[in-house]
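User: I am new to this structure and would like a short walk through its sheet and helices. Could we begin with how helix packing is described?

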Amino acid sequence: MICPCPGTARLRTLRDNEIHIWSATSALPDAAALAVLSADEHARAARFVFDADRWRHLTARCLVRQVLSRYADLPAAAWRFEANAQGRPTVASGLTDPPLHFNLSHAGPAVVCALARFAEVGIDVEQHVPTEFREIGARYFATDERAWLAAAPDDGAASLRFLTLWTLKEAYVKARGAGLSIPLERFSVLPDDGDGATLRADAVIDGAPARWFFVRRMWLPGMPLALAARLPDGGVPAVSWLQYDATAPTAP
Ligand SMILES: CC(C)(COP(=O)(O)OP(=O)(O)OC[C@H]1O[C@@H](n2cnc3c(N)ncnc32)[C@H](O)[C@@H]1OP(=O)(O)O)[C@@H](O)C(=O)NCCC(=O)NCCS
């Protein structure tokens with residue numbers, strides 16, 4: 001059951017240097033979770049032909065609303081959203097103070113959402129490797145990314161490298177909120193030896209590439225996830241990984 005008045009005592013803390021990443025497995029949300037969605041969100045869900053796509057959409061919408069309500073004293077049904085010219089959804093201006101920013105990604109059974117107090121945070125999870133991935137890489141990857149892809153020892157490793165690069169690049173453009181208006185071959189995000197990555201870009205694409213922070217993880221084997229974030233004052237943010245269950249949405 002969803003508490004209609006979350007109450008500030010139960011609210012989670014999200015500090016300026018923190019990023020919380022919420023993750024869910026797509027499922028048909030329970031009736032209480034579905035009740036918080038807007039008419040538009042239900043109408044969009046109804047247009048999906050396949051159950052799996054509809055469930056993923058519903059899980060994502062419930063997750064965003066109910067997770068946001070864990071951080072601000074607003075019921076899940078009360079959130080309103082707006083989008084920039086490239087379609088990036090944000091919390092409607094004036095609803096939260098301090099601001100609460102999120103970015104969402106979904107693929108296969110995965111729904112993931114990054115939350116931060118600063119705007120430039122982007123997340124991407126991918127599952128599908130297109131058969132023409134080498135051609136796509138040749139067209140959209142930068143020189144050093146193409147070299148890393150070509151150096152994979154076999155096809156399996158190459159397809160995983162492709163998805164890894166794709167998620168990193170997409171997390172970056174999503175953090176910028178700019179979509180394809182950033183030419184993909186004009187910047188590279190190469191994985192480091194740990195769970196991060198390094199952005200290389202000229203000054204036209206990005207005036208401060210060194211200030212970007214990336215973190216990588218496998219959501220499931222073969223399903224890489226990448227997060228990109230630019231903290232306003234640089235530094236390394238603290239990242240927390242949290243689970244959301246749309247079929248039991250009030251669980252901690
Ligand atoms: C918006 C875009 C980033 C979505 O990517 P995707 O992998 O198809 O889908 P994801 O599940 O990762 O993300 C979708 C979510 O991103 C959010 N989103 C939409 N437009 C966005 C934008 N311009 N910036 C940031 N986030 C955006 C939305 O919440 C959307 O979910 P919703 O429609 O359910 O609300 C994509 O359409 C796009 O513009 N891609 C350009 C980048 C690209 O092609 N990169 C290739 C790297 S090689």
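Analyst: Axes here are lines fitted to C-alpha atoms, for helices over the stretch in contact, and angles run from 0 to 180 degrees between N-to-C directions. Please note that this is a predicted model.

User: Within what distance do the axes of α5 and α6 come, and at what angle do they cross?

Analyst: The axes of helix α5 (residues 143-150) and helix α6 (residues 155-176) approach within 9 Å, and they cross at roughly 155°. Angles over 145 degrees count as roughly antiparallel, so α5 is roughly antiparallel to α6.

User: Which residues make that contact?

Analyst: On the α5 side they are E145, W148 and L149; α6 contributes A158, R161, F162, T164, L165 and K169. Sorted by class, the contact of α5 with α6 has five nonpolar, one polar and three charged residues.

User: Now the sheet. What is the order of its strands?

Analyst: The sheet is open and has four strands in the order β4-β5-β1-β11, with mixed pairing. Its edge strands, β4 (101-107) and β11 (238-243), each pair on one side only. From one strand to the next, the twist averages 20°.

User: How many bridges join β1 to β11?

Analyst: Six bridges join strand β1 (residues 18-25) to β11, and the two run parallel. Within this sheet, I19 stands opposite V239 in β11.

User: Which strands does helix α3 touch?

Analyst: Helix α3 (residues 51-68) packs on the sheet and touches β1, β4 and β5 (110-116). The direction of α3 makes about 25° with that of β5.

Notes
Residues are numbered from 1 along each chain as its sequence is written. This is a predicted model: local features need pLDDT of at least 70, side-chain atom pairs count only at pLDDT 80 or more; totals for chains, interfaces and linings use all residues. Side-chain values use heavy atoms; hydrogens and water are left out. Two strands pair if DSSP finds at least two bridges between them. Contact means heavy atoms within 4.5 Å. Angles under 35 degrees count as roughly parallel, over 145 as roughly antiparallel, 65 to 115 as roughly perpendicular and the rest as oblique. Ala, Val, Leu, Ile, Met, Phe, Trp, Tyr, Cys and Pro count as nonpolar, Asp, Glu, Lys and Arg as charged, and the others, Gly among them, as polar.
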